[in-house]
Amino acid sequence: MAGPPVIIWEQEVERLLRYRDLIPRLEEALGKFSTRDSAEVIQPVRSTVPLQKHSGFLGLMPTYMENDGVLSTKLVCFYKREAGSSLPGVQATVVLLDPQYGNVKAVMDGEVITAMRTAAVSAISAKLLMRPGAEVLAILGTGKQALSHYNVFTEIFSFKEVRVCGRTMEGAERFVRSVGGAARACGSVEEAVRGADAIVTVTLSTEPVLFGQWVKPGAHVAAVGACRPDWRELDDELMKTAVVYADSRDGAMAESGDVILSGAEVFAELGDVINGTKPAHREKTTVFKSLGMGVEDAVSAKLVFDRWTSTSSHL
Ligand SMILES: NC(=O)C1=CN([C@@H]2O[C@H](COP(=O)(O)OP(=O)(O)OC[C@H]3O[C@@H](n4cnc5c(N)ncnc54)[C@H](O)[C@@H]3O)[C@@H](O)[C@H]2O)C=CC1
Ligand SMILES: O=C(O)C1=NCCCC1
């Protein structure tokens, strides 16, 4: 008989997850997802329940990987927040189950998983789509995703300059201090992104903040926020001039305001590029539209659980 589920909370997840282990597993998972082989991945587009009173959504993200024996679901609440709000933008929990018996094996904090797997997938998009020799990275946003993106992009690439812009100069300066001063705070989005080779948008904005006229031709944009069909981070000009990639084509068509409202075509999924079935247009301006996928949480949760159970002091 199965025992009770283990609880693995934030500090433990932080201790157990490393980008060097996570990135190869996510690359493999993105490739498997794009094969559309149901023995590899079954992952419906996220169901969302509106929390109208609180300007938010509860998202349910179930995933089954039959060949890998992984069954999980993430529960994630995400909100539209007013400037100055101290409430969190995103809260998440991941539940890992035994696919044969159906019991819950583990309940884990989903904050660190969400921050790290999202940033790692953006880094994979840059590995595939950013021009070689990229020197300048711009990050728009100063929250949790901004920090995880800063961490992984500076861990795996060698940028000469990192620029950060938030809603306020104080927020950007606070972020720069928190990462030890190795970035430059900018007072406007235009100042941050002009001439940048890679741009990460990780804001809670529901209106465009990044405009095509400021983006250097050939730059790579990882667009992580605006995960509702009527929310935007990028303008029509950028969406229409760039080659657009997504984690999930179905997810982008259902949930991305930048894709739906601009009428831009999703050229390929990252998994198609990984599988070699679609080209990586590094020479062009590229947008990776990230919505976040259950399969990313599933492989992250398995990695955490396997490492947790192999730590003998817990047994
Ligand atoms: N694609 C994916 O897989 C995921 C996407 N997200 C999305 O990423 C975004 C960031 O999430 P977190 O960092 O967790 O949130 P957070 O609350 O920690 O940070 C949000 C940041 O956005 C900034 N911001 C808000 N409105 C802005 C505006 N109008 N212009 C410029 N900056 C603005 C805030 O100052 C703050 O720095 C959210 O939109 C969230 O829904 C989050 C998790 C996964
Ligand atoms: O994949 C996720 O996790 C999220 N995606 C979009 C909004 C917040 C969380």
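User: Is β2 mostly in the open or tucked away, and how many of its five residues are buried?
Analyst: In this predicted model, zero of the five residues of β2 are buried, so the strand lies largely in the open. Buried here means that 20 or more other C-beta atoms lie within 10 Å of the residue's own, exposed means 12 or fewer, and partly exposed is in between, with C-beta atoms placed from the backbone. Strands are DSSP runs of E with at least two residues, helices are runs of H or I with at least four, and both are numbered from the N terminus.

User: Which strand does β2 join, and how do the two run?
Analyst: Five bridges join β2 to β3 (residues 56-65), and the two run antiparallel; strands count as paired if DSSP finds at least two bridges between them. One of the bridge pairs is V49 with L58 in β3. The two strands form a hairpin with four residues between them, and S55 in the turn has a positive phi of about 50°.

User: What about V45, where is that?
Analyst: V45 sits in the loop between α2 and β2 (47-51). V45 is partly exposed, with 16 other C-beta atoms within 10 Å.

User: And which residues does V45 touch?
Analyst: Leaving out residues up to four places away in sequence, V45 touches D250, G251 and A254, where contact means C-beta atoms, placed from the backbone, within 7 Å. V45 and A254 are 209 residues apart along the chain, yet their C-alpha atoms are separated by 7.9 Å.

User: Switching topic: what domains is the chain divided into?
Analyst: There is domain 1 (6-113 + 295-314) and domain 2 (122-293), with bounds from an automatic or database domain assignment. Their C-alpha centres lie 22 Å apart, and 17 residues of domain 1 are in contact with 20 residues of domain 2.

User: Which elements supply the domain 1 side of that?
Analyst: On the side of domain 1 that touches domain 2, α2 (19-35) and α11 (294-309) each supply at least two residues, and the largest share, nine residues, comes from α2. By class, that side has eight nonpolar, five polar and four charged residues. Ala, Val, Leu, Ile, Met, Phe, Trp, Tyr, Cys and Pro count as nonpolar, Asp, Glu, Lys and Arg as charged, and the others, Gly among them, as polar.

User: Where does ligand 2 lie relative to the domains?
Analyst: Both domain 1 and domain 2 give residues to the shell around ligand 2, so the ligand lies between them. The shell consists of V76, F78, V90, A92, T114, C227, L291 and G292, each with its C-beta atom, placed from the backbone, within 6 Å of the ligand. The elements giving two or more residues to this shell are β4 (70-79) and β5 (90-97). Six of the shell residues are nonpolar, two are polar and none is charged.

User: What's the strand order in the eight-stranded sheet?
Analyst: The sheet is open, with the order β9-β8-β7-β10-β11-β14-β12-β13 and parallel pairing. Its edge strands, each pairing on one side only, are β9 (184-185) and β13 (266-269). Within the sheet, four bridges join β11 (residues 220-223) to β14 (residues 286-289), and the bridge partner of H220 in β14 is T286.

User: Anything on numbering and confidence?
Analyst: Residues are numbered from 1 along each chain as its sequence is written, while chains are lettered from A and ligands numbered from 1 in the order in which they are written. Because the model is predicted, local features need pLDDT of at least 70 and side-chain atom pairs count only at pLDDT 80 or more, whereas totals for chains, interfaces and linings use all residues.

Key: Two residues are in contact if their C-beta atoms, placed from the backbone, lie within 7 Å.
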